[in-house]
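Hi everyone, thanks for coming.

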Amino acid sequence: MKISLPTKVAIGSFVIAGIGIFVISFLSYSLMVDYFKSNILDNLHFELMQDAKKIKEDIDRIRYDEQLIINDDNIKAFYRAYENKYHYDATTNMTLNDIKVSLEKNFSSLLSHNSAYFNVRLIHADGQELLVAVKSNDGVVYLKTQEELQNKSKRQYFQKAVQLRPNEVFISKINLNREHGQIEIPHIPTIRVAHPIYFNHKLFAILIINANIYSLFSPLKELHDPNKQIYLANQDGYYIYHPDSRKTFGFDLNRDYKITDDFDLSKDRYFKDDYAFAYTKIYLNADQYIILALTITDKFLLQQSKEYQQKLFLYMLLISSIIALTLLIFVRYLIAPLLTLTRKAKDIANSDTGNVSFEKVKSNDEIGELSKSLHTMLTKLQESKKEVEKKVQERTEELNKLNENLEQLVAEKTKENITQLDLLQQQSKLASMGEMIGAIAHQWRQPLNELSIAIQNLKYDYEDGLVDEKYVDEFIESSKKIILFMSTTIDNFRNFYRTDKTKEYFDVKEAIETTVFLQQAQLHNNNIEIEIRGESFEVNSYKNEFQQVILNLINNAKDALLEQKIKDAKIIIEIKDKTITIKDNAGGIPADIVDRIFEPYFTTKEEGKGTGMGLYMSKIIIEKNIKAKLHVTNTQDGAEFRIEFNEN
């Protein structure tokens, strides 16, 4: 099978390009696998730290609830009645039994509203239980009778608790709950938080809440990913939570299962065979901690690797094909004149007369030289043909003359001429043969989020007993400020190009602090620290429009910090020499778009999350209305927006 020269070049190029691309792709794949592993470990460690934070918050919730009970007037009344020889409190005009009833209601309410709590006890300083509320396994809350109350003076957690000073807290080791010295069945993994109650600088009692850690710790309740597992162990290494319940509480059940048997704790995170592992320590007291660990299978890595392999193969095939096709077209273009010469050479070779039209190829290279040579040869061939024809004519005339004399001579001469003619024709044919080479709404989102969060928190604060008249007044006042700010923002946009807007003298720092105040809750909820530095100055301009710009810049910094998942997120506003800078530590704006961020409709956010008008409008307001300058630069930590006021 005949294969053309361009096709041979394309096939060879395809093979060579494929080998080169394969080598590069193999190295790229190895680097990508390492990147995927590192990324998985970083994400796993981030989730681990979030879970550790939640566990600390869950424990702090117990401390908070205990503090509410201790500060309740019923506890004070109980103490006064208990110490009174008639068991009577003159302040509240109540007997000890009446006060007990009120306290028991508080205890019962606390257990009913907290699924993790199953025991609340008030224990006298001598170890005798005074009041005990218990929640059964089916959720029924009941109070222990006087006969059921026990003396806990021998228990380790009580002996630790009575040594506490005022405002100190004791958090027990996590173990299985015991009643009358026996482990309860079904098992209840228990943590105990104890607060001392002092009156007149003397320890009166200990308040202890027992909680089931499996119901208390949020990460244990929220884990739904089948590829991810969570583990808890005490500081001795014994499991207190494991997906296989048979491995838990070995120190209570005489089973020797430890976290060090399954994982290497010399490194805080690593990738091993088919899973990734990360762990941290959560300190309950200065010398007491628990171990929290997370694992995730390599399913995600395998999935990402498979997808990457598929894409890599497609890219290799596509790039190699593009290279081969490009070379095929390029080679065809280069040798097109040679192909033309080849066809002309064939025509000349197959012509009996040599009358073939020929135009020279205009190419300043070897092909052009070949074309000139071929044209010269054809010209000479045609001239040679004319000479042959002339000689034939001359011989014919001679024969005609000889024909007059001798028939024999004519015959001989005719034969001679015919032979010579045949030779000349053959020579002409042989001479003709030769070898040839051939591219307003944004402002409302934050206040609406603030209102939404405030409204949601209202319910929880009400349940926690924090809602009073002062709280309601503050809630209404804060909401009014947010709504007023939203209304003012709409008015600012509506009046943007109106000429009847009035200027006013206002304090720049005070205007910024007012704007930051409206965003403080959401920034706090997202663990973003914001700081205002420097000395203020006054300007004569449009205060609301100025605040609108500050709001835009803070929101952009917040969105960048959340998108990049910065751990110690910060926004710093600095006022100095009639210049305001707003900086973040989100890593900065990519260099290829930093010059475009003030263009209208240009946004780097996902569709539906940004209009691209925020920074454009901010620049228009600052430079057209307020007569200042707005710039952006990248610092070592992140982006820095600078507002510079002209000196008047």
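Let's begin on the inside. The largest nonpolar core has 59 residues, and the members that touch the most others are F78, F107, Y117, L122, I191, F217 and L232. Helix α1, residues 5-70, is the top contributor to this core, giving 10 residues. Before we go further, please keep in mind that this is a predicted model.

Let's zoom in on one core member. Which residues does L122 touch, leaving aside those up to four places away in sequence? They are I75, F78, F107, Q128, E129, L130, L131, I197, A205 and I206. Two of those names, I75 and F78, take us to helix α2, residues 73-83, where N74, I75, A77, F78, Y79 and A81 are buried. Here is a handy rule from class: an α-helix has 3.6 residues a turn, so residues three or four places apart point the same way. Look also at the start of α2, where a side-chain oxygen of D72 comes to within 2.8 Å of the backbone nitrogen of N74.

Five strands make an open sheet with mixed pairing, and their order is β18-β20-β21-β23-β22. At the edges sit β18 (529-534) and β22 (628-634), each pairing on one side only. From one strand to the next, the twist averages 15°.

How do β18 and β20 run relative to each other, parallel or antiparallel? They are parallel, with six bridges joining β18 to β20, residues 570-576.

Helix α14, residues 508-525, lies across β18, β20 and β21 (579-584), and α14 runs at about 170° to β18.

There is another strand pair to look at. Strand β17 (residues 504-507) pairs with β19 in the antiparallel sense, over four bridges. In that pair, D507 stands opposite E538 of β19. In a regular strand the side chains alternate between the two faces of the sheet. You can follow that along β19 (residues 538-541): V539 and S541 make up the covered face, while E538 and N540 are on the uncovered one.

Most residues other than glycine have a negative phi, and most peptide bonds are trans. N93, in the loop between β1 (88-89) and β2 (94-95), has a positive phi of about 60° although it is not a glycine. Is N93 buried or exposed? Exposed counts as over 50% relative accessibility, so N93, at 56%, is exposed. K627 is not a glycine either, yet has a positive phi of about 65°; you'll find K627 in the loop between α16 (614-625) and β22. As for the peptide bond from I185 to P186, that one is cis, with omega near 0°. P186 lies in the loop between β9 (182-183) and β10 (189-199).

One more loop residue, and then I'm done. Q150 is in the loop between β5 (141-143) and α4 (156-161). Why do we call Q150 buried? Because its relative accessible area is 12%, and buried means under 20%. The side chains of Q150 and K152 are joined by a polar contact of 3.3 Å.

Notes: Residues are numbered from 1 along each chain as its sequence is written. This is a predicted model: local features need pLDDT of at least 70, side-chain atom pairs count only at pLDDT 80 or more; totals for chains, interfaces and linings use all residues. Side-chain values use heavy atoms; hydrogens and water are left out. A nonpolar core is a set of buried Ala, Val, Leu, Ile, Met, Phe, Trp, Tyr and Cys residues joined through side-chain atoms within 4.5 Å. Buried means under 20% relative accessible area, exposed over 50%, partly exposed in between (1.4 Å probe, protein chains only). Helices (H or I, at least four residues) and strands (E, at least two) are DSSP runs, numbered from the N terminus. Contact means heavy atoms within 4.5 Å. A polar contact is a pair of N or O atoms within 3.5 Å; within protein, one must be able to donate a hydrogen and the other to accept it, and residues adjacent in sequence count only if both atoms are side-chain atoms. Two strands pair if DSSP finds at least two bridges between them. Axes are lines fitted to C-alpha atoms, for helices over the stretch in contact, and angles run from 0 to 180 degrees between N-to-C directions.
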